[in-house]
Amino acid sequence: MGENFYLTSPPSPLLHGEGGERKDAKMAQQVQEKYEESHLYRIRHSAAHIMAQAVLEMFPEAKYTIGPPVENGFYYDFDLPRSLTPEDLEAIEKRMRQIVQGKHDFIKKVVSADEARQIFKDQPYKLELIDGLEQGGFDEYGNPLKEKPEISIYQHDTFVDLCRGPHVANTREIKPDAFKLMNVAGAYWRGDENNKQLQRIYGTAWENKQQLEEYLHQLEEAKKRDHRKLGKELEIFIFDEEVGPGLPLWLPNGGVMIEELEKLAKEMEEKAGYVRVRTPHLTKEDLFLRSGHLPYYAESMYPPMELEGVKYYVKPMNCPFHHKIFGSKQRSYRDLPLRLAEYGTCYRYEKSGELFGLMRVRSMQMNDSHIYVSEELFEQEFMGVVDLYRKYFDLFGIEKFVMRLSLHSKAGLGKKYVDNERLWLKTEEMVRRAMTNGGVPFVEAEDEAAFYGPKIDVQIWSAIGREFSLATNQVDFAVPARFDLKYINKDGQEEVPLCIHRAPLSTHERMIGFLIEHYAGAFPVWLSPEQARVIPITDGQNEYAENIAKQLRANGIRASADLSSQRMNAKIRDAQMMKVPYMIVVGKNEMEAGQISLRVRDGSQQNNIPLAEFIARAKDRIARRAKEL
RNA sequence: GCCGACGUAGCUCAAUCGGCAGAGCACCCGCCUUGUAAGCGGGCGGUUACGAGUUCGAUUCUCGUCGUCGGCUCCA
């Protein structure tokens, strides 16, 4: 079944490390070397140049910017006089094939900054890059550099580009049937939405035709497990235009999955010493002024509603409410860690273009908890949460993820981040030490923290390769003080607790979106909306089938009988398509013997067995939340 | 939010140059009484996303709105 097949996850970090996405540079550096030295990388980098040549021939007035290899291919960003059409792409691709077959050498030349300025005198973006290179600190893609880079140009045929390479030696190394232009997209110069928007052409390139075809085939396969497609087919959720974008409606099947996840969370959290609270969806403006969210977060919040002169906000997070609960009475160090848990429903006004199926929505229910802890207990508690993650990930068989320590950036202090560098450095080191001591592998990423502290994010990739934070585990060294939270320590002194925000099961929306893709819709029994479907062979067994379904339900197994007038073959097909784990087939034989025949989703069969035997099997799988059927 | 593409029946998709909007599946009604991935027949189903405009005539051309998709930006 390829349970863990992902097209792109975890992707080569190049996807994040290059092309102006500075944020994951550190992470990229750790694993990137191999790809960067590969022939494939040269092919893609060179293909980008060849594409740029074709584009410049088509638009002599075009301004060109950067064109790095990325995972599976390359792109190049252009400032063009008009929008590109699909026909343009075809023409560009055709011209690229001609250029490739011209067998041109790629020639590198190291130049001075002034020479480079002369060469690119009509190319404002290149001039900007040259200035940057001359000043040092960053390479042409904006990645930080330790040393001042040399400035080099690469030429093939008539095309010259500012480039550090590497490239193939000759365009003949790029096979004309092994690359393809994929799409055009808008992209901001240097990745900054305040800058001009350029046109980015994405292409894919491989060693040979077969690899290209394999990749295109994989893309098709990935689309089949896209949660948006499966979610509709398996009747898990829908979106409705009148309800609004990003506001999913959970169908009964989705409802079951949510209930199962909550049951799981409650069991695990109860064992781990959490207590459950409930808080309202609305609050006065005062609460978010107090928490400090409003200045940092207002643009992601639904605008306030005003009643009797008081502004109310719909909550985008649960923390301030939990802080109020912590502060509702005097706390002693003996009360710590205090773990307040709630599957809280939050609303965030995500920009329209950022919405993405269930993975990015505007209404969400978070597997939320806030743990109030002393500094002394911090490491142990933080690792307790990481352990919880790992238990969940084992349960789901999630193997492809990256734990990322998200740090502040100096430049963001006082803007994106609470302005207290000392506490940033201190808490970051606490997390780093906890993770290192716990032997948990992680990567670090600057400028990815929450505004109130560093965090560990668990990064996963959707079927089509988009990256998301699934679970998160955040340190908050700032907000408890704003709420005047304190506890009395052993010495009778007041101290401000640290707060750990954690959501190991993410939100229902993102978690279920992810699980749909992870399992390709074929959920383990405990999570399957319909666990067993009873299929009578003729209508002579309808009553028997109904009776069996009833017995199954009485045993806590979600089951129904298919009494439609279709033939058995069609009923089996329907059940297979809905990925029901167990099909109970009953015909004349079974009815007379008081038995059943079992067809499992994987195609295996056990004919004429006692119902009790099946019930025992199903109950065992459910009770253990087993991976096997 | 930005750039681009797209929007036809519940779903998946057709419809020539601007000339009466179609198929399969699903659904409903029958027939068949069936042994592990689609039995057969009939029926219902549309203000072609919405609103303007051009035209004798618009699913088709133009503009606007809404929504979806691919990216960018942003994120649980």
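Tutor: Happy to! Keep in mind that this is a predicted model. Around RNA strand B there are 55 residues, and the closest are Y188, Q197, R360, S469 and E590. Of the atoms of RNA strand B that come within 4 Å of the protein, sugar and phosphate account for 50%.

Now zoom in on a few side chains. E193 has a polar side-chain atom 2.9 Å from a sugar or linking oxygen of RNA strand B. In the case of E241, a side-chain N or O atom is 3.4 Å from a sugar or linking oxygen of RNA strand B. Several elements give two or more residues to this surface, among them the strands β7 (179-188), β8 (197-205) and β21 (467-476). The helices α8 (227-233), α18 (568-577) and α19 (588-593) are also on that list, as are β28 (595-600) and β29 (605-610). Sorted by class, the surface near RNA strand B has 21 charged, 18 polar and 16 nonpolar residues.

Charged residues also pair within the protein. Side chains of opposite charge can pair when their charged atoms come close. The model holds 42 salt bridges, and a few of them show how such pairs are placed.

Start with K223 and E220, whose side chains meet in a salt bridge with 3.7 Å from N to O. These two residues are 3 apart in helix α7 (residues 209-224), so about one helical turn separates them. K223 is partly exposed, at a relative accessible area of 47%, and E220 is partly exposed too, at 43%.

Next, look at R404, which forms a salt bridge with E448, the closest N and O atoms being 3.0 Å apart. Because R404 sits in strand β18 (residues 402-406) and E448 in the loop between β19 (443-445) and β20 (455-461), the pair ties together parts that are 44 residues apart in sequence. E448 counts as buried at 17% relative accessibility, and R404 is buried with a relative accessible area of 5%.

R404 also forms a salt bridge with D457, where the closest N and O atoms are 3.3 Å apart. This pair links distant parts of the chain, with R404 in strand β18 and D457 in strand β20, 53 residues apart. D457 counts as buried, at 1% relative accessibility. Finally, salt bridges that share partners join D114, R117, D131 and E134 into one network.

Conventions:
Residues numbered from 1 in each chain as written. Chains lettered and ligands numbered in written order. Predicted model: local features only at pLDDT ≥ 70, side-chain atom pairs only at ≥ 80, totals over all residues. Heavy atoms only, no water. Near = heavy atom within 4 Å. Polar contact = N/O pair within 3.5 Å; in protein donor to acceptor, adjacent residues only side chain to side chain. Helix = DSSP H or I, 4+ residues; strand = E, 2+ residues; numbered from the N terminus. Nonpolar A, V, L, I, M, F, W, Y, C, P; charged D, E, K, R; others polar. Salt bridge = Lys/Arg side-chain N within 4 Å of Asp/Glu carboxyl O. Buried < 20%, exposed > 50% of the residue type's maximum accessible area, 1.4 Å probe, protein only.
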